Amino acid sequence: SSDLANGISGFFCRLFVDVGLEGCSSHGFRREFITTLANNSVAIHAIMSLSGHRRLSSVQEYLSVTDDQKRRAVELL
């Protein structure tokens, strides 16, 4: 749920501060989590549920595309 996602986000923000990690954010981890799931063919509805997002557009904001992914996509042609 969204409350769970927000609670986890807050936990990590406090953890980063406590251990002195500069420039880290829960969004970076969320981006990695969502991108990894998508790259491993996890269904979008499962990704939405796991990430606490209700709109596809919200999930899409976290997806990262690498040059390697683009190269592999073109090689399929």
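In which helix does Ser51 lie? Ser51 belongs to helix 3, which covers residues 44-51. Helices here are DSSP runs of H or I with at least four residues, strands are runs of E with at least two, and both are numbered from the N terminus. The model is a predicted one, in which local features need pLDDT of at least 70 and side-chain atom pairs count only at pLDDT 80 or more, while totals for chains, interfaces and linings use all residues. Residues are numbered from 1 along each chain as its sequence is written, and side-chain values use heavy atoms, with hydrogens and water left out.

The protein contains five helices and zero strands, and its pattern along the sequence reads α-α-α-α-α. The C-alpha trace spans about 50 × 25 × 15 Å along the principal axes. The radius of gyration, taken over C-alpha atoms, is 15 Å, whereas a compact globule of 77 residues would have a value near 11 Å. The globule rule is 2.2 Å times the number of residues to the power 0.38.

Of the 77 residues, 22% are buried. Buried means under 20% relative accessible area, exposed means over 50%, and partly exposed lies in between (1.4 Å probe, protein chains only). The protein exposes about 5900 Å², of which carbon and sulfur atoms supply 58%; accessible areas come from the Shrake-Rupley method with a 1.4 Å probe, and for residues only the protein chains shown count as cover. Among contacts (heavy atoms within 4.5 Å) with a separation of 6 or more, 40% join residues 24 or more positions apart.

Ser51 is classed as buried because its relative accessible area is 3%. A polar atom of the Ser51 side chain lies 2.8 Å from the backbone oxygen of Ile47, and a polar atom of this side chain lies 3.3 Å from the backbone oxygen of Met48. Ser51 and Lys70 are 19 residues apart along the chain, and their C-alpha atoms are separated by 24 Å.

Phe12 is found in helix 1, residues 2-19. Phe12 has a relative accessible area of 30%, so this residue is partly exposed. Between Phe12 and Ile34, 22 residues apart in sequence, the C-alpha to C-alpha distance is 16 Å.

The protein has 8 positive and 8 negative charges, and their mean positions are 6 Å apart. Lys and Arg count as positive and Asp and Glu as negative, while His and the chain ends are not counted. The place of a charge is NZ of Lys, CZ of Arg, CG of Asp or CD of Glu.

Key. A polar contact is a pair of N or O atoms within 3.5 Å; within protein, one must be able to donate a hydrogen and the other to accept it, and residues adjacent in sequence count only if both atoms are side-chain atoms.
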